[in-house]
Amino acid sequence: MASAETPRGAAADAAPIPLWLLAEVTYRCPLQCAYCSNPIAFARYRDELETQEWISVLEQARAMGAVQLGISGGEPLLRKDLETIVGRARELGFYSNLLTSGVGLDEDRLGRLKQAGLDHIQISFQADRSGPSDEIAGGHHFQTKERMAQAIKAHDYPMVFNVVMHRHNLDRVDGILQLAWDLGADYVELANTQYHGWAYHNRAALMPTREQIRRAEETTQRWREKAGNRMRIYFVGSDYYDETAKPCMNGWGTTFLGVAPDGRAMPCHGAAELPIELPSVREEPLKAIWEDSHAFNVFRGHDWQPEPCRSCDLLQSCHGGCRCQALLLAGDAWATDPVCPKSPVHDRVLRAVEVADERRVEVPLVMRSVKNSRSLS
């Protein structure tokens, strides 16, 4: 396996523009979702960027050409300065999208965020009613989410209704889409679990059967025909079941720039798990990080890629797939993504799917919590 210092990537002659900035403003969260994409060791990262540090990040990213701002976590509503951050983003010309559980939101704060210039809200649900929702999220939040979804519509926001799909809720797709319809969702994203972070730790408990996915896709198609343009529905497949390597963030270091709560700059959501040192916005200008850092150049372009990727006719579309998945499944972040049928270890993915199909005894979930984070990391 290549070490973090191995110069196997090559910088492009001119770095592209980071059009999409994701500000992970906190890892704190009132929910305990077992599929969370936050690092297992999130409890270590307590030294969050201050308000002015986040504003500096926004200013630097906008000067580089970033136009889309996602504000996420954890739960970003736990930041008391959220309105200040949103307001500065609006002044700079960002289109801003808040990714939230809805917990901690109320009518007053919605009004303040609207006044500050927030453009868009994505609210997450776990199921279509309180019982299974509470089991998956680790708390009693379903009614709050319903109220806040209604309030989002009342404040005239475009509303994205997001549900991470897995073994415990794929059979509930019809009810989930009915709920989204009743709440007036403009867009629904049924995103099958990608197995990183907490989701990878809980993979055995979360992986569905192929039959569950087939039925869910059929139900989704029926709803698409019913909803038409009134509610757009997206069913995002899981790499394991699609057997297709998806392009990591449209290609490493081409479009996406993430900043973690403590200021680490990330070329993808899961980069903290990779054997590369992530630069900090507290120590280097964002432009230098994007253009010159090892972290953003190590997988930029195609020079680093092994066979069979290097000579594959799909290279320009998949860019070699996911580096985090390569590390988790092949033990080497530089390897061909194992979900690709051409990978030498693709059988590991096939076996994981077979095991999920054959499972008759359910595996308990390990919930995302500070206690579990400390014990597992």
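## Strands, cysteines and salt bridges in a predicted model

Leu 21 stands opposite Leu 257 in strand β8. This is a predicted model: local features need pLDDT of at least 70, side-chain atom pairs count only at pLDDT 80 or more, and totals for chains, interfaces and linings use all residues. Residues are numbered from 1 along each chain as its sequence is written, and side-chain values use heavy atoms, with hydrogens and water left out.

**The sheet**

Helices (H or I, at least four residues) and strands (E, at least two) are DSSP runs, numbered from the N terminus. Two strands pair if DSSP finds at least two bridges between them. Strands of a sheet pair through backbone hydrogen bonds, either parallel or antiparallel.

Here, nine strands form an open sheet with mixed pairing. Their order is β7-β6-β5-β4-β3-β2-β1-β8-β9. β7 (232–236) and β9 (265–266) stand at the edges. Each has a single partner strand, so one side of each is left without a neighbour in the sheet.

Which strands pair with β1? One is β8, in the parallel sense over four bridges. Another is strand β2 (residues 68–72), also parallel, over five bridges. In that pairing, Ala 23 stands opposite Ile 71 of β2. The chain crosses from β1 to β2 through helix α1 (residues 51–64), and this β-α-β crossover is right-handed. Right-handed means that, with the strands pointing away from the viewer, the path from the first strand over the helix to the second runs clockwise.

Strand β1 covers residues 20–24. Four of its five residues are buried, so β1 is largely enclosed by the rest of the structure. Buried means under 20% relative accessible area, exposed over 50%, and partly exposed in between (1.4 Å probe, protein chains only).

Elsewhere in the sheet, strand β4 (residues 120–125) runs parallel to strand β5 (residues 159–165), and five bridges join them. Ser 124 has Asn 162 in β5 as its bridge partner.

**Thr 255**

Thr 255 sits in the loop between α10 (239–242) and β8 (256–259). Thr 255 is buried, with a relative accessible area of 17%. Its side chain makes a polar contact with the side chain of Thr 254 (3.2 Å). A polar contact is a pair of N or O atoms within 3.5 Å; within protein, one must be able to donate a hydrogen and the other to accept it, and residues adjacent in sequence count only if both atoms are side-chain atoms.

Contact in general means heavy atoms within 4.5 Å. Leaving aside neighbours within four places in sequence, Thr 255 is in contact with residues including Ile 17, Trp 20, Met 249 and Trp 290.

**Cysteines from the record**

An unreviewed UniProt entry lists residues 15–230 as "domain: Radical SAM core". The end C-alpha atoms of this span lie 39 Å apart, and the span is 43% helix and 16% strand. The unreviewed entry also has the annotation "binding site", covering Cys 29, Cys 33 and Cys 36. UniProt positions are given in the numbering used here, feature names are shortened, and annotations may be inferred rather than shown by experiment.

Cys 33 is found in the loop between β1 and α1. Cys 36 is placed in the loop between β1 and α1 too. Are they buried or exposed? Cys 33 is buried at 9% relative accessible area, and Cys 36 is buried at 15%. Not counting residues up to four places away in sequence, Cys 33 touches Gln 126, Ile 136, Ala 137 and Arg 368. On that basis, Cys 36 touches His 196, Gly 197, Trp 198, Ala 199 and Arg 368.

**Salt bridges**

How many salt bridges does a search of the whole structure find? The search finds 25. A salt bridge is a side-chain nitrogen of Lys or Arg within 4 Å of a carboxyl oxygen of Asp or Glu.

| Pair | N to O distance |
|---|---|
| Glu 48 and Arg 79 | 3.3 Å |
| Arg 109 and Glu 83 | 2.8 Å |
| Arg 264 and Asp 262 | 2.9 Å |

Glu 48 forms a salt bridge with Arg 79. This pair links distant parts of the chain, 31 residues apart: Glu 48 is in the loop between β1 and α1, and Arg 79 is in the loop between β2 and α2 (82–92). Glu 48 is buried at 14% relative accessible area, and Arg 79 is buried at 6%.

Arg 109 forms a salt bridge with Glu 83. Arg 109 lies in helix α3 (residues 107–116) and Glu 83 in helix α2, so the pair ties together parts that are 26 residues apart in sequence. Arg 109 is buried at 8%, and Glu 83 is buried at 13%.

Arg 264 and Asp 262 are both buried. A network of salt bridges links Asp 171, Glu 211, Arg 214, Arg 215 and Glu 218.
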